[in-house]
Amino acid sequence: MLAAIIGALVYVFVAALLLQGIRRIVVAHSQFRKGPSIFQSFYDFFKLMGKESLTPNVTSPLLFNLAPILSVASMLVAALIIPLAASASAVGVGDLIVVIYLLAIPPISLILGGSASGSPYAAIGAAREVALLIAYEVPFIIAMVTVALASGSLQLNTMAATSWITVLPLAGIAAIWTLPAAAAAQPFDIAEAETEIVSGPYVEYSGPNLALLKLGQWLKTFLYASLIAAVFFGTAIYHFQPVLNFIIQFAIIAVLISAFIAFWQATTGRTRVTQVLKYYWAFPTLLAAIDLVLYVAGIRYMHLLFGWAGL
Amino acid sequence: MADVEERRFAKLKVPIGPSHPALEEPARFLFEVEGEKVVDVDYEIGYNHRSIERLCQERPFSKVVYLVERICGICSHTHPLNHVERVEDIAGIEVSERAKYIRTIYAELERIHSHMLWAGIAGHEVGYYTLFMYTWREREKVMDLFEMLSGNRIMHGCNTIGGVKWNISEEQARSAAGVLAYLDTAADKITRAVLKDSNIAERGKGVGSLSREEAVRLGAVGPNARASGVPEDTRVMCKYAAYGDFDLEPQIAKDGDVIAQALVRLAELKQSIWLTKELFANLPEGPIQVEYDEIPPGRSVGRTEAPRGELIHYTETNGSRFFERIKIRSPTLANVPSYVPKFLGCQVADIPIIAASIDPCFSCTDRMTVIKNGKRKIVSAQELRTGRI
């Protein structure tokens with residue numbers, strides 16, 4: 001059990017940081033650049049950890065310094081209860097509702113820390129983060145609830161036993177569609193928007209605090225993708241040696257991130273807040289809602305079309 | 001409790017600049033915002049005063065040409081072009097046709113690279129970094145062309161009183177034609193990338209719009225004025241250098257918003273590529289420099305079309321080796337007042353792209369501001385004389 005927990009934590013840390021390196025390289029190549037080293041996020045993280053952390057005068061020091069710790073701590077808990085590269089999570093149990101709340105904590109700590117830092121840029125960034133969170137959580141939660149209904153359980157280990165993308169493809173597409181917003185990647189990096197509000201909530205953070213806030217964001221990107229992969233692609237493929245399982249899982253997440261985040265990042269400009277809301281509440285929400293309504297109405301269209309009942 | 005109420009409803013003051021990622025050069029804007037909406041704006045320029053006009057009076061004629069070339073890193077040809085035309089006007093020097101054509105070639109290549117640079121910066125401001133990388137990659141071709149023609153990418157040192165310094169050989173003209181053909185297709189691609197992108201359309205449509213009346217009232221110049229439908233192009237109006245030989249049409253759009261600015265600049269990009277091709281093809285034979293004796297006392301004022309708009313130089317000589325006075329009105333100074341109607345009512349997210357939309361070049365523009373004890377002060381001529389360096 002202890003070995004599984006330590007293994008999961010180390011894997012999540014390494015994978016989340018490597019993933020950022022891959023993403024940056026994919027974006028760089030689509031922009032005719034060479035890009036940084038794949039280990040750049042490690043260098044950044046350890047460099048920042050060794051620096052001094054400053055707390056601005058006008059801030060509420062407790063909230064300001066608590067936010068980064070909260071962000072990383074919630075993600076470490078989430079790493080233990082999301083099934084990563086095995087049929088069960090590291091601690092053996094995992095509740096969907098808990099995971100959804102845990103995944104909302106990094107943005108919320110960003111909002112708290114940003115609001116506490118007393119900078120107008122951070123205040124605008126925090127307000128934008130709220131809008132972003134509301135925008136992508138709606139389709140994501142509808143998609144997840146649809147799967148929970150279909151599998152008849154809120155236990156992630158039970159839900160992940162089936163590859164739900166074959167049964168509820170529209171909900172799967174909607175969930176994957178929310179990935180760029182959850183990762184705060186390019187078209188949806190409105191809360192950071194360095195040309196507008198100078199990286200928003202991060203603006204007053206420095207040193208270890210900044211490193212932890214960033215780490216929380218990176219872990220969240222990886223775990224969010226892992227949750228989608230576990231629920232919609234299933235965990236049945238992970239029946240090899242543990243190391244091979246981890247490699248397969250990382251490859252799946254890397255492809256997801258490269259295809260849906262890096263590609264999108266390279267081909268669009270930044271959106272405005274109103275655009276994000278319009279965007280996510282229109283199409284992805286509609287897709288997820290269609291699947292929910294059809295499932296509740298008892299219409300198994302994938303079964304009717306292809307005879308699939310779920311793998 | 002009263003304090004809490006007040007803080008909740010207070011308008012947030014957001015400073016942009018003097019040092020901010022949205023600005024390539026120092027300028028300060030103070031925005032008052034309600035949520036995401038801008039309700040008031042104040043601007044301040046004058047962070048990068050370099051005393052160019054004063055320095056121009058302290059150098060002999062031959063060196064001033066190089067000094068005015070260094071006013072702007074992007075308009076590094078149109079400043080000396082305007083300057084030498086003023087001196088030639090005072091001294092009555094007739095420049096050869098070939099020299100005029102070569103000057104015009106440089107001026108148009110400068111416009112091509114400047115507009116490409118603008119498209120890239122605009123992409124950067126809306127967070128579309130691929131567009132930035134792409135246009136700047138293509139812009140390198142123009143810089144290479146400059147290097148081939150003059151030996152330098154930025155500071156060409158092409159103009160001199162009485163003509164130009166670098167001749168263009170047959171071989172150079174041939175390879176330039178190849179580069180221009182390539183740039184033509186690149187310009188088409190950039191135009192498609194900008195105008196067919198639904199996200200850019202949404203970010204730019206109606207953002208930072210300026211009506212024709214406002215543009216005229218605030219004295220906007222160049223592409224900024226033409227985007228609002230004012231058909232003013234100094235190349236067409238003044239016919240300086242070799243522009244009299246070609247039939248140019250001012251490129252205009254009507255809304256004055258970011259999309260209109262892009263439309264005007266991209267159309268000018270195509271126009272300039274066409275014009276440069278024509279110039280290379282019709283390059284007349286002849287000398288590139290003429291001799292001149294001395295510069296008599298006199299004064300001259302003239303306009304040229306810099307990539308950012310109308311550039312005015314006033315030059316006065318007194319018969320000695322030094323200038324009596326040189327006064328430069330760079331286009332950004334005329335365009336800065338049009339920021340206020342553009343910014344009012346916009347969203348915070350639109351601030352960078354609106355700031356970039358007039359293609360500002362604050363450092364060429366900067367006047368001196370004296371701030372003592374937190375108060376701005378108007379300096380008298382006497383104080384300036386006693387306090388000068």
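**Where chain A meets chain B**

The contact between the two chains takes 26 residues from chain B and 23 residues from chain A, where two residues are in contact if their C-beta atoms, placed from the backbone, lie within 7 Å. On the side of chain B that touches chain A, at least two residues each come from strand E1 (12–16), helix H5 (97–125), helix H6 (129–150), helix H8 (198–204) and helix H15 (351–357); helices (H or I, at least four residues) and strands (E, at least two) are DSSP runs, numbered from the N terminus. This side of chain B has 13 nonpolar, 7 polar and 6 charged residues, with Ala, Val, Leu, Ile, Met, Phe, Trp, Tyr, Cys and Pro counted as nonpolar, Asp, Glu, Lys and Arg as charged, and the others, Gly among them, as polar.

The model is predicted, so local features need pLDDT of at least 70 and side-chain atom pairs count only at pLDDT 80 or more, while totals for chains, interfaces and linings use all residues. Residues are numbered from 1 along each chain as its sequence is written, and chains are lettered from A and ligands numbered from 1 in the order in which they are written.

Within chain A, Ile108(A) is found in helix H4 (residues 96–116). The C-alpha atom of Ile108(A) is separated by 8.6 Å from that of Leu133(A), although the two residues are 25 residues apart along the chain.
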